[in-house]
Amino acid sequence: FGNLILTCDTVFSQNVMVELLRDGTTIDIRNFQEVVNYERLLPGDYQLRLIFDENEDGEWTTGELHSLRSPENMIYFEGSVQVKSKWDKEIDWRFKD
């Protein structure tokens, strides 16, 4: 197993979720923090995204044409994150102004 340590350089004024994906499948979703630790991950490539959880239901909400509601915004980490066995992978996610 390997570990992933995600550090973000900002604070958000709204509810934000961090989602960890592998092969398009959600592995973990949790509330945003400046440092997020994922322990005992299987080796492989992972993706990260932030979900701006406007309705605070703990998941990404799609849009609805009938009520003209847009889907909740997401930000993807560029590229994939490779986790290796017996390694700690540290990621600093910097947001552009």
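**Close-up views of a predicted model**

View 1. Let's start in the loop that links strand E5 (44-52) and strand E6 (74-76), where Glu-72 has its place. All of these views come from a predicted model. Is Glu-72 buried or exposed? Glu-72 counts as buried because its relative accessibility is 6%, and the cut-off for buried is under 20%. The Glu-72 side chain comes to 3.2 Å from the backbone nitrogen of Asn-55. Setting aside neighbours within four places in sequence, the residues in contact with Glu-72 include Ile-51, Phe-52, Asp-53 and Glu-54. Asn-55 is also in contact with Glu-72, as are Glu-59, Trp-60 and Thr-61.

**View 2. The open sheet E4-E1-E8.** Here you can follow 3 strands in the order E4-E1-E8, forming an open sheet with mixed pairing. Strand E4 (35-41) and strand E8 (88-93) are the edge strands, and each pairs on one side only. From one strand to the next, the twist averages 15°. Strand E1 (residues 2-8) and E8 run parallel and are joined by 6 bridges. To find your way along this pair, look for Asn-3, whose bridge partner in E8 is Asp-88.

View 3. Which residue of E3 is the bridge partner of Arg-22? That partner is Thr-25. E2 and E3 form a hairpin with 2 residues between them.

Note on methods: Residues are numbered from 1 along each chain as its sequence is written. This is a predicted model: local features need pLDDT of at least 70, side-chain atom pairs count only at pLDDT 80 or more; totals for chains, interfaces and linings use all residues. Side-chain values use heavy atoms; hydrogens and water are left out. Two strands pair if DSSP finds at least two bridges between them. Helices (H or I, at least four residues) and strands (E, at least two) are DSSP runs, numbered from the N terminus. Axes are lines fitted to C-alpha atoms, for helices over the stretch in contact, and angles run from 0 to 180 degrees between N-to-C directions. Buried means under 20% relative accessible area, exposed over 50%, partly exposed in between (1.4 Å probe, protein chains only). A polar contact is a pair of N or O atoms within 3.5 Å; within protein, one must be able to donate a hydrogen and the other to accept it, and residues adjacent in sequence count only if both atoms are side-chain atoms. Contact means heavy atoms within 4.5 Å.
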